[in-house]
Amino acid sequence: MTFRQARWDEPAVWDLGPSDGGEAPPAIPGIPERLRRKSAVRWPELSELAVVRHYTRLSEMNFGIDTAPYPLGSCTMKYNPKVSEALARRSAAANLHPNQPESTVQGALEILWRLERILSKVTGLPEVSLQPAAGAHGEYSALLMVRAYFRDQGEAAERTEVLLPDTAHGTNPASAAMAGYTTREIPSQDGCVNVAALKAAVSSKTACFMLTNPNTAGLFESDILEIAETVHAAGGMLYYDGANLNAVLGVTNPGRMGFDVAHLNLHKTFATPHGGGGPGAGVLGAGETLAPYLPVPRVVKEGRKFRLDYNRPKSIGKIRTGYGSFGLDLRAFAFILAHGEEGLKHVARRAVLNSNYTASRLGKFLPRPFRPLVKHEFVLSGAPLKERGVRTLDLAKRLLDEGVHAPTVYFPTLVEESLMVELPETESKRDLDHYVEAFERAVTDTPENLHAAPRNLSVRRVDEVRAAREPLLSWKDLREHAAKAERR
C-alpha cells in the first residue's frame, strides 16, 4: 500500500495495490499455501475526501435515537445518556481484559457485585447473574436451569412441555426448542392469558410457562397470581420475560408476581445501547429453588475482596467467555445510580403516562382492540385501512416521509394489521405531539401517496423479497450489480 499526491491541491490517494484482479502480491513468509490468495484483492481507489464525505453522508441519512423518537413497540428504544457512554469508554474500563488476575480488577468486580445486589432488589429475586449475552441467551439459559432442576428431581423425562401465550416474543418458542422442549400455545382473552385455557393445558408434562408482564399488547396480566398458582400446582416453573420491565420498574417485580426465574434486557430498561449487533446483556435472576443452577462464575465478596466463584455443583456451567458484558453493565450501573430508587419508579410511571397519552390521541385515527388503559405500549389495528386499499405496511412507509420512525408492524399477530407503539419515558410531550401530528398526516393521506411512500428518502420503496434474496453487502456486490444492470 502506497500514498501518493501529485500536487498539493489534488486529493490525496492511498493506493491499496492492484484493483484489476491481477497477480497477487508476494506472499508473507509463514502463511500456508492453502491460505494464500491466487489473485489480488479488488480494492476501490478513492481520495480521502471522497471517503470522508461518503461516511458523513451515510451518518446523516441514518436514523437513530439521537435523531428522533424510535417508537418500536416491544423494544423500548430509549435514549442512552452520554455520561454512561463516557464512563464505559474510559481506559480503566475499556482496556480491562477478561484474563487479568482478580487482584487487578477488584473495582470492576465490586461494580458487578453491587449491580447484582441492585438488580436482585429490582426483580424481587434473591440471586442474579450478569453472564447472559442478550435476552434470548437469558431465556435459553433459564430453560437450561429449569431442565437441570427437573433432572435432579427425577422428572426430566416427564416434564417435556413449555407453555407460551399467543402474545409471546418470537424468541421464546425458539429458546424452548433449543433447550429440548416442545411448545404449546395458550390463547388470549381480551389481550391477556385465558386462565381457563391455561388450567386445561397444565399437566405433569409442564416444565415451564413463559410469560411477559406487562405483555406485548401493553396490558398488565391482572390474573398473574392465579396464573402462578396454577402453574406451581401442576409442579411447573414460571419464567418471566423481562422485555417489558420498564413499565413496572420499582412499582412491582417478578418475585412479587410469583415468578421463579427471569431475564432482563439492560438495553430496554436501563438505557444501554440497543441493536447494532451487540454486545448485549440479558441478566438472569432466580428464586431460591433455581438459584443453585445459575451459570458460573458467580461474583462473591469475601471480607473486603471480590472473586469469581466456580464452585457451584448444581450450576448449568459456563455459558460464554469472560463474565458478562462489563461495558454495558457499567452503563446500567451509572443509569441506576443517577436515578436512585424513586427515580426508577418515575421512569415506569412516566413511560406509562407517555403511552396512555399517545394511545388516547392515536386512537382517534385507528381502532384500539383492547382495554383503554395500557402500560408501556399499546396496539392499534390498521384493518380499516384495507377499505381504502391500504395496508399497515403502507402507513409505516408513509411515516418515514414525515421524518419519524414507524412503530412495530404486524406484531402481535393476534391483531389484524397490527401496529405496536411505544414512546418511552425519555420522550417529552412536545415529541409525543409531533409524532401524533405526523401520524395524522400519514394516515389521512391518499391511497396513491401511501402506496408510493417513501418519497422523501434517499431510497424509495424496495422490493423486500428481492432485497432479502439478493442483498448488496459489499463494494464488490455493488460493482457486479451495476455491471449486470449495464448489460441488461
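Let's start with Pro214, which sits in the loop between β8 (206-212) and α8 (224-233). When I say helix or strand, I mean a DSSP run, numbered from the N terminus: helices are H or I with at least four residues, and strands are E with at least two. The peptide bond from Asn213 to Pro214 is cis, with omega near 0 degrees. The bond from Ala453 to Pro454 is cis too, again with omega near 0 degrees, and Pro454 is in the loop between α14 (447-452) and α15 (464-469).

A quick word on the model itself: it is predicted, so local features need pLDDT of at least 70 and side-chain atom pairs count only at pLDDT 80 or more, while totals for chains, interfaces and linings use all residues. Residues are numbered from 1 along each chain as its sequence is written, and side-chain values use heavy atoms, leaving out hydrogens and water.

Now for a sheet. Which order do its strands take? The order is β14-β16-β15, in an open sheet of three strands with antiparallel pairing. Its edge strands are β14 (378-381) and β15 (408-409), each pairing on one side only. Two strands pair if DSSP finds at least two bridges between them. Between β14 and β16 there are four bridges, and Val379 stands opposite Met420 in β16.

Buried means under 20% relative accessible area, exposed means over 50%, and partly exposed is in between, using a 1.4 Å probe and protein chains only.

Glu417, in the loop between β15 and β16, has a positive phi of about 50 degrees although it is not a glycine. Is Glu417 buried or exposed? Glu417 counts as buried, because its relative accessibility is 12%. Asp190, in the loop between β6 (188-189) and β7 (192-193), is not a glycine either, and its phi is positive, at about 55 degrees. Asp190 is exposed, because its relative accessible area is 63%.

Let me finish with Arg42, in the loop between β2 (13-15) and α1 (48-61). Arg42 counts as partly exposed, because its relative accessibility is 34%.
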